[in-house]
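Q: Could we go through a structure together, so that I learn how to read its helices, its core and its packing?

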Amino acid sequence: MLFSRAACLLLLLPALVACSGSASNNDPVFEAKLQNEKRISEQNITKRQIRDAELVVETASNQMELLEISQIAQRKATSPDAKYVAQNVINQISALLNELRVLAKQKNLVLPTGLGESQAQQVGEMTALNGAAFDQKFGDALTSTIEQDLDINEDLQTESYDADLRPLATRQLAVLQDLKRAADDLKVKLKP
């Protein structure tokens with residue numbers, strides 16, 4: 001009986017090891033949040049600071065997605081309007097993301113190194129499209145991602161514990177609102 005329990009444990013051990021941490025290996029956004037939470041909890045920092053770190057990771061992730069889909073649109077879009085908006089997003093979001101990276105470094109926060117799992121899936125689906133279908137999907141994805149980033153930056157602006165995050169969020173909101181108007185106009189132009 002002792003032998004069979006030990007044998008069962010030995011057989012289950014590889015399965016348990018394989019299951020542990022698999023989510024963090026696949027999702028850079030999850031990994032960044034996990035690292036920030038660990039660092040913050042080791043320093044005995046408040047839950048509001050953990051929330052700030054999560055919002056910073058989420059906005060960085062959204063901005064990385066905006067860059068990715070806009071770079072793809074530069075190559076694949078058939079509409080000159082879509083290409084123009086994509087280039088504008090690349091220019092504006094690159095500056096926002098660089099500013100966010102500088103602040104994250106000052107605050108010792110880890111940002112994602114790539115897109116999250118659901119974001120990568122959305123980008124993959126978009127990449128598979130061509131022509132007007134691609135342009136339409138780009139307009140939809142652009143609007144949706146900008147709206148998410150607007151919500152996050154509004155939270156940072158009004159609820160952030162860290163006083164340095166509020167002015168950053170205010171600057172980001174102004175740019176994101178302009179990009180949202182451009183994305184909305186693009187969707188109207190692309191309607192069949």
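This is a predicted model: local features need pLDDT of at least 70, side-chain atom pairs count only at pLDDT 80 or more; totals for chains, interfaces and linings use all residues.

Q: How many helices and strands does the protein have?
A: Helices (H or I, at least four residues) and strands (E, at least two) are DSSP runs numbered from the N terminus, and here there are eight helices and zero strands.

Q: Which residues have the most contacts inside the largest nonpolar core?
A: In soluble globular proteins, nonpolar side chains tend to be buried together. A nonpolar core is a set of buried (under 20% relative accessible area, 1.4 Å probe, protein chains only) Ala, Val, Leu, Ile, Met, Phe, Trp, Tyr and Cys residues joined through side-chain atoms within 4.5 Å. The largest one has 45 residues, and Ile 69, Ile 93, Phe 138 and Leu 142 have the most contacts inside it. Two or more residues come from each of α4 (47-76), α5 (80-106), α6 (117-127), α7 (131-159) and α8 (165-190), with α5 giving the most, 11 residues.

Q: How do α5 and α8 cross?
A: Their axes, lines fitted to C-alpha atoms over the stretch in contact (heavy atoms within 4.5 Å), come within 11 Å and cross at roughly 165°, with angles running from 0 to 180 degrees between N-to-C directions. α5 and α8 are therefore roughly antiparallel (over 145 degrees). Among the residues that meet are Ile 93 in α5 and Leu 176 in α8.

Key: Residues are numbered from 1 along each chain as its sequence is written. Side-chain values use heavy atoms; hydrogens and water are left out. Buried means under 20% relative accessible area, exposed over 50%, partly exposed in between (1.4 Å probe, protein chains only). Angles under 35 degrees count as roughly parallel, over 145 as roughly antiparallel, 65 to 115 as roughly perpendicular and the rest as oblique.
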